[in-house]
Amino acid sequence: MAVELQQQEEFAVLTLNRPEALNALNAETIGEISEAIDQASAMDVRALIITGAGEKAFCAGADVKEMVGIDLISKKLKAERGQSTFAKLDTLRVPSVALINGYAFGGGLELALASTFRLATPRAAVALPEIKLGLMPGYGGTQRLPRIVGEARALEMIMTGRTVRAEEAQAIGLVHRTVSEENRLADAFAFAREFSGFSLVALGYAREAVKRALSTPLHEGLKIEAEISTLAFQSEDAQEGITAFIEKRSPKFADV
Ligand code: CO8
């Protein structure tokens with residue numbers, strides 16, 4: 001299997017598992033990622049952690065060897081398949097955390113950009129190097145990177161293809177935190193526990209509202225926020241959270 005999915009503690013851990021090819025995304029791997037995200041959505045977990053097998057890479061991008069001789073229709077289908085697979089993370093019931101444990105190049109970085117959060121080990125190195133192949137990003141990079149780091153930085157990364165190391169990636173807001181190399185999974189779990197005890201309903205609505213901010217003019221975005229926050233207010237978890245505050249006790253959220 002090119003992808004492994006396991007439950008560890010209260011988290012689902014998806015591991016890209018083609019270390020001999022630096023976990024590059026061939027058609028089989030994209031298909032297995034898609035299935036694994038579907039399976040994770042049915043698991044009783046609080047977050048999905050995504051990482052790469054081996055000591056070198058999170059994921060070195062789309063499988064370049066699979067691109068040889070590919071016709072245009074297959075190329076477009078491939079891009080759409082990758083995009084729709086990564087987009088599943090937007091609507092996944094639980095937040096996702098990309099644990100970047102080495103190279104995250106091209107499609108590998110695009111998978112991390114589609115995740116809710118990004119963590120990097122000190123040896124992480126991220127890039128959209130497609131330009132060096134005479135290509136450009138096709139798994140969402142031109143759309144998600146500017147939304148995360150701004151247009152100027154995104155253009156510079158995409159047009160030079162340069163490699164950004166962990167420290168700079170954190171400084172520009174591309175990754176949220178750096179974590180230790182040795183205890184990276186435990187560190188990722190500790191990070192996820194900063195939000196994973198909250199109501200999945202409230203977390204989901206908050207994610208949705210923030211995502212809408214980036215594609216909506218302010219006056220419409222404020223209307224959307226009023227609507228979505230009203231929905232959140234109607235949840236049982238909101239009533240529980242407010243009651244618990246008044247009764248000076250910890251809330252017991254049921255994700256409804
Ligand atoms: N695809 C296929 N195989 C790969 C890839 C890849 N992206 N990256 C590495 N490998 C393979 C190598 O060929 C090598 O295999 P072998 O031992 O059989 O020759 C093995 O992995 C180890 O790689 P290296 O020996 O190159 O390892 P290094 O440590 O020397 O270098 C690098 C690591 C710097 C990450 C280097 O491997 C590299 O530059 N890889 C290519 C990265 C790249 O260009 N990625 C972008 C690909 S394009 C993309 O992602 C676009 C997405 C949208 C596609 C739209 C649909 C088509």
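The C-alpha centres of domain 1 and domain 2 lie 27 Å apart. Those two domains cover 3-192 for domain 1 and 200-246 for domain 2, with bounds that come from an automatic or database domain assignment. Keep in mind that this is a predicted model, so local features need pLDDT of at least 70, side-chain atom pairs count only at pLDDT 80 or more, and totals for chains, interfaces and linings use all residues. Residues are numbered from 1 along each chain as its sequence is written.

**Where the domains touch**

- Six residues of domain 1 are in contact with six residues of domain 2; "in contact" here asks for C-beta atoms, placed from the backbone, that lie within 7 Å.
- On the domain 1 side of that meeting place you'll find two nonpolar, one polar and three charged residues.
- For those classes, Ala, Val, Leu, Ile, Met, Phe, Trp, Tyr, Cys and Pro count as nonpolar, Asp, Glu, Lys and Arg as charged, and the others, Gly among them, as polar.

**Strand β5, a well-covered strand**

- Strand β5 takes up residues 96-100, and five of its five residues are buried, so it is largely enclosed by the rest of the structure.
- Strands (E, at least two residues) and helices (H or I, at least four) are DSSP runs, numbered from the N terminus.
- A residue is buried if 20 or more other C-beta atoms lie within 10 Å of its own, exposed if 12 or fewer, and partly exposed in between, with C-beta atoms placed from the backbone.
- Both faces of β5 are covered: one side has S96, A98 and I100, while V97 and L99 are on the other.

**Who β5 pairs with**

- Strand β3 (residues 48-52) pairs with β5 in the parallel sense over three bridges; two strands pair if DSSP finds at least two bridges between them.
- Strand β7 (residues 117-120) also pairs with β5 in the parallel sense, over four bridges.
- V97 of β5 is the bridge partner of I49, and F117 in β7 is the bridge partner of V97.

**Two residues with a positive phi**

- E9 isn't a glycine, yet its phi is positive, at about 55°.
- You can find E9 in the loop between β1 (3-8) and β2 (11-16).
- E9 counts as exposed because it has 12 C-beta neighbours inside 10 Å.
- D255 is another residue other than glycine with a positive phi, near 65°.
- Look for D255 in the segment after α10 (236-246).
- With 16 other C-beta atoms within 10 Å, D255 is partly exposed.

Notes: Contact = placed C-beta atoms within 7 Å.
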